[in-house]
Amino acid sequence: MTESRPPRFHLPVALSAFAGLLGAGVVDALAVVVRGHQASFLEALALSVGLYGACGLIVAALLGWAVATALGAIPGGWRGLIEDAALDGRVSGLLLGATAGGLVLALGAGIGHKAFVAGMNSQTLVTIATAGLALIMALPATLALLASWRLLARLALRFVPRRPKLPRAGVVVLALTLLGLLAFVAALSRADWRVLDLGPLWAAGLALALGIAHGGFWHVSAAGQRLLRKLPTRILRPALAVVVGLLLLVGSHIKESSPTYAAINEGGLGLKFALKLARQATDRDGDGYSALFGGGDCDDTRADVYPGADDIPGDGIDQNCEGGDAPLPTPGAATAGDAKPTEPAQATKTGAFSGNILIIAIDATRADRLGVAGYGRPAGRSLTPNLDALARRGAYFRRVWAQAPNTPRSFPSFVTSLYPSEIAWQKKTFNYSPLLPSNHTFFEPLAAAGWKPIGIFSHFYFTPDRGISKGFAEWSDDGAKSIADSNKDIAAPRIVPRVLERLKKAAATKERFVLWTHLFEPHSSYMSHPEFPSTLSGVQGLEEKYDYEIAYDDQWIGKILQTLDETKLADSTAIVAFGDHGEAWGEHNRIYFHGQNLTEEQLRVPLIFAIPGRKPVVSDDEVGLIDVGPTLLDLLGIEPAAYLHGRSLLPAIDGGALPPRPIFAELLPSTATHDHHVVMVDRGKKIVHKVSERRFELFDLSADPGQMKNLAEEPAHKQLLDDLKARLLAHEEKRAP
């Protein structure tokens, strides 16, 4: 049956919204197949069209209802606006007044958030406070509407144009929409939009464009209207809804092992975001994982069973969904929780180094950014002459992995010599969770053996309540900024002078010390420095500024080294320099900065030990930052404590070779990211367990140092994958492999 009369206004709007989203889903499926790897077109189509189509049905219903309600509240509806100029003016004034009220609400909420909410750690309190701010600002927003709408109505009658088929209210709606889009673009430009994942926005823009095109053809053009009257729309519309439902059902049961999910992460537009929403909506037991849409939950009726859960050995339940219960530990085997404080340590090794220790950490510094690693800007001109000099006279480790891709996981791992999952956190899912007092640091036995641990920082993370200061005699974090302000902070000029003064004092008093400091500059919003003027723009400009931040910190490190020489401490002070994690520049899936995954660019860091009396050496042994603490204890002749899980690198520093040992790194779920990943590197092979996706990836770093070619699906590597998988799962389940 064909339609006998033109549709009402809200119906074309709803149908166009649905058509736009459906079309965007088809385009997104094509993008997954073209830009991703090993994707099944049928699977991508089922997921994309099913999810976009379902979203389209919801949006169409809500938008149609909103338009019908809005027009229904106006006497005569859309035609009343066209025929009654006075009514048109009043409605235009109300729209503009509502906008003024919205601006008042937004401004007040923004000020309140900055002043009160931004510093809260509890997400529950943040939610309550945000809702409270909205309620408080609702009154002045309403008053702004009531006070302004009559004046704005008069201004609209005078200045807003009116057309035979487009009333002033329509012009106002179009103008406000355009201004909103421009404001959004302006906000993105201030947030380094070039390195954000704009896939969902591109998908939304595409859906909008397709929806407008659909409405323009079918409901405005004469040809489209004639064709529409000939189509059996009352059959086609429900049929399309049924097709969307069937595709959604099929897509929801695609196994999580399908490579299509990886291809969606690589090449999709808004489909990754749509999958996230679908998994949240179908998480029956509230544990954060769904049994549908590749969510990986093997039992969606139990909140204690999900990928990455602690698998209780011997209880007959596969809590972590890895295909079986973890076996009971071997009798007598030690675990991280068995760690006990040791007796006061003493230097025990004859001929051990008896001088001082200076530890310099540089934030977000990639291993490949040092001049000794072959990097320069421009090519051939090193940005790090002082670090290069340290590397050339000390032990330079070229294959080093951080144990986490962000500061609040990496530094706790560094000081405790434990992997992040082994640390006792106050609340593991917090972005910046403090450590519980039950943890121990390698600075404790240093202090017990007679060295004075000193920490000098100026950064929001290094407050004493974090728990990483355990064992320190002195801990200073003077001048630290807030989390928000630290992103545009230049802290080295505050930190290094205090380090220099403390070194001069130590030289005068002849005290034996271990001093740790941290330079923050190569992080987040990179700042410009007169010494290193930036000449590029866009992503290249950001990367240039990142490089120059490293160069800037290298200059300050030079001041520290100069003071060691001037105070005669250089001959008795061993220096350790390293980066706490790396930084991504679009190498994988257009991801930038750090903290999102465990790729090489986010994990590989430089590590240098410059020890008086030791010959220069370059080591290609596979090591981790977890090994720094045990190395320093071994260097000083102190028996390593049982709770340290790293190993001493002293044999390599002395020119020997280290026995092969796997290196692990972990991305734990937190309020910043839901993802849970674990990797193991062993003799050039790297296995990646994307726990939250129940998927494994395999790379040969010897032939593929950039971690670009996944070998997990190749039959020739099945045995290797199975062997590495068993060992990685043993690490995750805290059992002997």
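**Notes on the predicted model**

1. Helix H1 is the biggest contributor to the nonpolar patch, giving four residues. The patch is made up of Val26, Leu30, Val33, Val34, Phe41 and Leu42, with about 540 Å² of accessible area together. Patch members need over 30% relative accessible area and no salt bridge, with like charges joined within 9 Å and nonpolar side chains (Val, Leu, Ile, Met, Phe, Trp, Tyr) within 5 Å. H1 (10–35) and H2 (41–72) each supply at least two of the residues. Helices here are DSSP runs (H or I, at least four residues), as are strands (E, at least two), numbered from the N terminus. Val26 lies in H1 and counts as partly exposed because its relative accessibility is 36%; buried is under 20%, exposed over 50%, partly exposed in between (1.4 Å probe, protein chains only).

2. A word on ground rules: this is a predicted model, where local features need pLDDT of at least 70 and side-chain atom pairs count only at pLDDT 80 or more, while totals for chains, interfaces and linings use all residues. Residues are numbered from 1 along each chain as its sequence is written, and side-chain values use heavy atoms, leaving out hydrogens and water.

3. Have a look at H12 (residues 385–393) against H17 (residues 538–566): their axes come within 7 Å and cross at roughly 55 degrees. Axes are lines fitted to C-alpha atoms, for helices over the stretch in contact, and angles run from 0 to 180 degrees between N-to-C directions. The two helices are therefore oblique (angles under 35 degrees are roughly parallel, over 145 roughly antiparallel, 65 to 115 roughly perpendicular, the rest oblique). On the H12 side the contact (heavy atoms within 4.5 Å) uses Pro385, Asn386, Leu387 and Leu390, and on the H17 side Asp554, Gln555, Ile557, Gly558 and Leu561.

4. H17 also carries Asp547, which forms a salt bridge with Arg369, the closest N and O atoms being 2.8 Å apart. Such a bridge needs a side-chain nitrogen of Lys or Arg within 4 Å of a carboxyl oxygen of Asp or Glu. Arg369 sits in the loop between strand S1 (356–362) and H12, 178 residues from Asp547. Both partners are buried, Asp547 at 0% relative accessibility and Arg369 at 4%. Bridges with shared partners join Arg366, Asp368, Arg369, Arg377, Glu543, Asp547 and Glu587 into one network.

5. Overall, the chain has 21 helices and 16 strands, and 48% of its 737 residues are buried.

Note on methods: Areas by Shrake-Rupley, 256 points an atom, 1.4 Å probe, with all protein chains shown as cover.
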